[in-house]
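Good morning, and thank you for coming.

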Amino acid sequence: MISERMQAAINEQINKELYSEYLYVSMAAYFDSLGLKGFANWMRVQVKEERTHALMMYTYVNEVGGRIILQPIDGPPTDFESPLDVYAKTLEHEKFVTSRINGLVNLALQESDHASNAFLQWFVTEQVEEEASAKEMADQLRIVGDNGHGLLMLDREAGTRVFTPPAAAATIGPI
Ligand SMILES: [Fe+2]
Ligand SMILES: [Fe+2]
């Protein structure tokens, strides 16, 4: 059985994951408005990942006898300065999420909630990857600068990204 405090904290994190999904939909829309379909695809993969994260947490809370209580999702930013601005904001956002996940782990340790700690470790590892992939895109865009040819090359590469549901998400069913 999950504690009230841990239940509330994971519910709050579900809200953050759904906000992340919403944020990346907004970023995909920005790229689509510029005709950068590859970056838009990259963001849509990100959207699916965030939805998966939320659903993994949803499933876990149910499994441990908790209750899902959803809160309103904040509106995402709708305008961005440039592709680099988008990825810089993505990295910033992922760092924020990492700090939230770390906070959840701290709470689990405080409460000697080993099940939640074990569950959350997957997200600790996932956040390393999330930050690394956003940083890689931001770094490459910084290198490309104002070079349109380079930007189109990166866009093409971003278009090859595909969503692979994580093995840990098997319990939530098709996404
Ligand atoms: Fe996430
Ligand atoms: Fe993320």
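Glu-50 is buried, and Glu-130 is buried as well; buried means under 20% relative accessible area, exposed over 50%, and partly exposed in between, with a 1.4 Å probe and protein chains only. Please note that this is a predicted model, in which local features need pLDDT of at least 70, side-chain atom pairs count only at pLDDT 80 or more, and totals for chains, interfaces and linings use all residues. Residues are numbered from 1 along each chain as its sequence is written, chains are lettered from A and ligands numbered from 1 in the order in which they are written, and side-chain values use heavy atoms, without hydrogens or water.

Which residues hold the iron ion (ligand 2)? Its protein donors are Glu-50 (OE), Glu-94 (OE), Glu-94 (OE) and Glu-130 (OE), at 1.9 to 2.6 Å. Donors are N, O and S atoms within 2.8 Å of the metal (3.2 Å for Na, K and Ca); water is not among the atoms, so sites may look incomplete.

The iron ion (ligand 2) lies 3.3 Å from the iron ion (ligand 1), and Glu-50 coordinates both. Glu-50 belongs to helix H2 and Glu-130 to helix H4 (residues 114–144), so the pair ties together parts that are 80 residues apart in sequence. Helices here are DSSP runs of H or I with at least four residues, numbered from the N terminus.

Let us turn to helix H2 itself. Of the 27 residues in H2, 19 are buried. After H2 comes Gly-65, with a positive phi near 80 degrees.

Finally, Val-25 lies in helix H1 (residues 4–34). Val-25 counts as partly exposed because its relative accessibility is 40%.

Conventions
Helix = DSSP H or I, 4+ residues; strand = E, 2+ residues; numbered from the N terminus.
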